[in-house]
Amino acid sequence: MVYKAPFRWFSRQFKQSLCAAIRAGTIGRREAQRAHRLSGNLIHQWLDQFDRGQFDPTEKPAAGVAEEYELRIAELERKVGQLTMEADLLKKTQKRDHSSSDEDFFVVSGPRPVPFEGLAK
């Protein structure tokens, strides 16, 4: 039977203080592993997150991401509006071009066919 350790949850403050201590050189990675019974992989993940600033309580990365998305959405909405106006303009000019022509147009086949006089035999 394989022993599975119970799930443990660690606060953001604990992770930040442990990573700050490791980066400052006050405690080594192996010493932190033994003292808190953590895996080396978990400490490595926490250090990566710490280096990216995800444990900093003053910084909220989700807000920055949301602002970027909102700006992108606004830009795309402007582009959709512009393309809609261009499509409407093209439809209007096509209708005007067809109505001013002397030829009769049919929806399915286009202009009326010219009568063919064939080869006289």
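Two residues are in contact when heavy atoms of theirs lie within 4.5 Å. With that in mind, begin with the whole chain of this predicted model: of the contacts with a separation of 6 or more, 44% are accounted for by residues 24 or more positions apart.

**The whole chain**

If you then switch to a surface view, the chain exposes about 11,000 Å², of which carbon and sulfur atoms supply 57%. Of the 121 residues, 12% count as buried, and the next stops show where several of these are placed.

**Helix 1**

Select residues 12-24, which form helix 1. The end C-alpha atoms of helix 1 are 18 Å apart, which agrees with the 18 Å that its 13 residues should span at 1.5 Å a residue. Now show the side chains of Lys15, Leu18, Cys19 and Ile22, the buried residues of helix 1. They cover an arc of only 95 degrees around the axis, and therefore sit on the same side of helix 1. The general rule behind such a pattern is that an α-helix has 3.6 residues a turn, so residues three or four places apart point the same way. Turn the view to the other side of helix 1, and you come to Gln13 and Ala24, which are exposed. The buried residues, by contrast, pack against helix 2 and helix 3. Before moving on, select Gly25, which follows helix 1 and has a positive phi, near 90 degrees.

**Lys15 and its surroundings**

Which residues touch Lys15, once its neighbours within four places in sequence are left aside? Centre the view on Lys15, in helix 1, and display Phe10, Trp46 and Phe55, with which Lys15 is in contact. Then draw a distance from the C-alpha of Lys15 to the C-alpha of Leu47: the two residues are 32 apart in sequence, and their C-alpha atoms are 8.7 Å apart in space.

Arg37 is the next selection, in the loop between helix 2 (29-36) and helix 3 (40-51). The phi of Arg37 is near 50 degrees, a positive value in a residue other than glycine. Is Arg37 buried or exposed? Arg37 counts as exposed because its relative accessibility is 65%, and the cut-off for that class is over 50%.

**Helix 3**

Continue into helix 3, whose twelve residues reach 16 Å from the first C-alpha to the last, close to the 16 Å expected at 1.5 Å a residue. Show Ile43, Trp46 and Leu47, which are the buried residues of helix 3. Because they cover an arc of only 100 degrees around the axis, they lie on the same side of helix 3. Just after helix 3, Gly53 takes a positive phi of about 85 degrees.

**A patch at the surface**

For the last stop, select Val65, Tyr69 and Ile73, which make a nonpolar surface patch of about 300 Å². Val65 lies in helix 4, which covers residues 61-99. With a relative accessibility of 36%, Val65 counts as partly exposed.

Notes
Residues numbered from 1 in each chain as written. Predicted model: local features only at pLDDT ≥ 70, side-chain atom pairs only at ≥ 80, totals over all residues. Heavy atoms only, no water. Helix = DSSP H or I, 4+ residues; strand = E, 2+ residues; numbered from the N terminus. Buried < 20%, exposed > 50% of the residue type's maximum accessible area, 1.4 Å probe, protein only. Expected span 1.5 Å × (residues − 1). Arc of directions from axis to C-beta. Patch = residues over 30% accessible without salt bridge, like charges linked within 9 Å, V, L, I, M, F, W, Y side chains within 5 Å. Areas by Shrake-Rupley, 256 points an atom, 1.4 Å probe, with all protein chains shown as cover. Salt bridge = Lys/Arg side-chain N within 4 Å of Asp/Glu carboxyl O.
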